[in-house]
Amino acid sequence: MNLETIAIHAGNKVDEATKAVVQPLILSSTFERSNGEYPGGYIYSRADNPNRKSLERVLALLEGGEDACAFATGNAAGMSVFQALAPGSHIICPDDMYHGLRNQLKILFKGILTFDFIDFTDLSLIESTINDSTKLIWAETPSNPLLKLADIAAIAEICKKYQLIFAVDNTFATPICQQPLTLGAHLVMHSTTKYLNGHSDVTGGVIITKNKDEFWEKIRTVQGFGGATPSPFDCYLITRGIKTLPYRMRGHVENAVKLAVYLESHPAVEAVFYPGLASHPQHNLAKKQMLSYSGMLSFTLKGGEKAAFDLINGLKIFTQATSLGGVESLIEHRYAVEGPDTKTPKNLLRVSVGLEHIDDLIADLAQNLDHLNS
Ligand SMILES: *Cc1c(COP(=O)(O)O)cnc(C)c1O
């Protein structure tokens, strides 16, 4: 089956009792026993529930994995992988890793795990950072907010050589634009808060596995005993959002390409970071490993931090807010969010390109950018 069909059907089941075409929301926390058995297949909602099972099924199939564990947030999903590692394990992560997960490692796993944050565009540096305790390589591509790419197939080869687990945060790309498991990764992580739900009205996360191996069993145990699980209603909403994911992504990409080209041509703009642009330093890698370029871009302004704030304060259609992947366009000064240890330039703005008409988006930017330039 193709992704459009999976997105609509794999997370849905016509209800046997009522014949409702859309799978009902089951809020019950507990399920009836009979003679010590559970005839419905469910025991207690933290362990499993029908809406979560459907969400996990569609997510696993979209990424070409065998199974998925859904969590209450992307951070909880990432944490399940770190918790599943034995104490003393070493992790190699990108130096521009999503700041929430970077801080999680630095603060919550200090003294429990060891880690190195390095430049993932340098493959030989990745290999030379491996030590006897290294267990996991964690990649994020495209990265936040400079849209740098990590070569998934090449890192998968390194992981194979040293028998390491390879996880990829695929939040920016979605399974529509990039399929890490096909390129050799073992685990894929998403903040389903973003494109997968797509409507900026729920938080969620997921880990998807290529194989149901021993390490996967540990992640499943963290999910059940740790209990950072999504509510049935969260699962219902994300499953509903996923039905339109393939078509939403086409719109996001179409708008992002046009916006990137527009920004690149504007005299007030210093640089545009978007993997779909020929000027992106890793455009060839993008063409090789991505099916499409997704809807995230960032750009820097010649007028510095002041110009960045002048621009965003004048916008009418773009909303100034963090997060991404919703139908509405968001714009954000990332430096202010990420804190002092960030490498993000002060004159950088990150855009989650939404599904409004592109002419309206460009007109909104033009009104403010042209004014900056004069
Ligand atoms: C948002 C995000 C996360 C964290 O997800 P939450 O749902 O906010 O906990 C992780 N990685 C990336 C790339 C993200 O954008």
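How many salt bridges does the count come to? The count comes to 16 salt bridges, where a salt bridge is a side-chain nitrogen of Lys or Arg within 4 Å of a carboxyl oxygen of Asp or Glu.

## Basis of the model

This is a predicted model, in which local features need pLDDT of at least 70 and side-chain atom pairs count only at pLDDT 80 or more, while totals for chains, interfaces and linings use all residues. Residues are numbered from 1 along each chain as its sequence is written, and side-chain values use heavy atoms, with hydrogens and water left out.

## Salt bridges

Lys161 forms a salt bridge with Glu127, with the closest N and O atoms 2.7 Å apart. Lys161 is in helix H6 (residues 152-162) and Glu127 is in helix H5 (residues 123-129), so the pair ties together parts 34 residues apart in sequence. Helices (H or I, at least four residues) and strands (E, at least two) are DSSP runs, numbered from the N terminus. Lys161 is exposed at 58% relative accessible area, and Glu127 is partly exposed at 25%. Buried means under 20% relative accessible area, exposed over 50%, and partly exposed in between (1.4 Å probe, protein chains only).

Glu338 and Arg334 also meet in a salt bridge (2.9 Å, N to O). These two residues lie in helix H13 (residues 334-338), four residues apart, about one turn of the helix. Glu338 counts as buried at 8% relative accessibility, and Arg334 counts as buried at 2%. Elsewhere, a network of salt bridges links Asp95, Asp96, Asp119, Lys148 and Lys343.

## The sheet and its helices

An open sheet of five strands has the order E8-E9-E12-E11-E10, with mixed pairing. Two strands pair if DSSP finds at least two bridges between them. Strand E8 (269-273) and strand E10 (319-320) are the edge strands, each pairing on one side only. Strand E9 (residues 296-301) pairs with strand E12 (residues 348-352) in the antiparallel sense over five bridges. Thr300 stands opposite Leu348 in E12.

Helix H10 (residues 245-264) packs on the sheet and touches E8, E9 and E12; contact means heavy atoms within 4.5 Å. The direction of H10 makes about 10° with that of E9. Axes are lines fitted to C-alpha atoms, for helices over the stretch in contact, and angles run from 0 to 180 degrees between N-to-C directions. Helix H12 (residues 304-314) packs on the sheet too, touching E9, E10, strand E11 (330-332) and E12, and its direction makes about 125° with that of E9.
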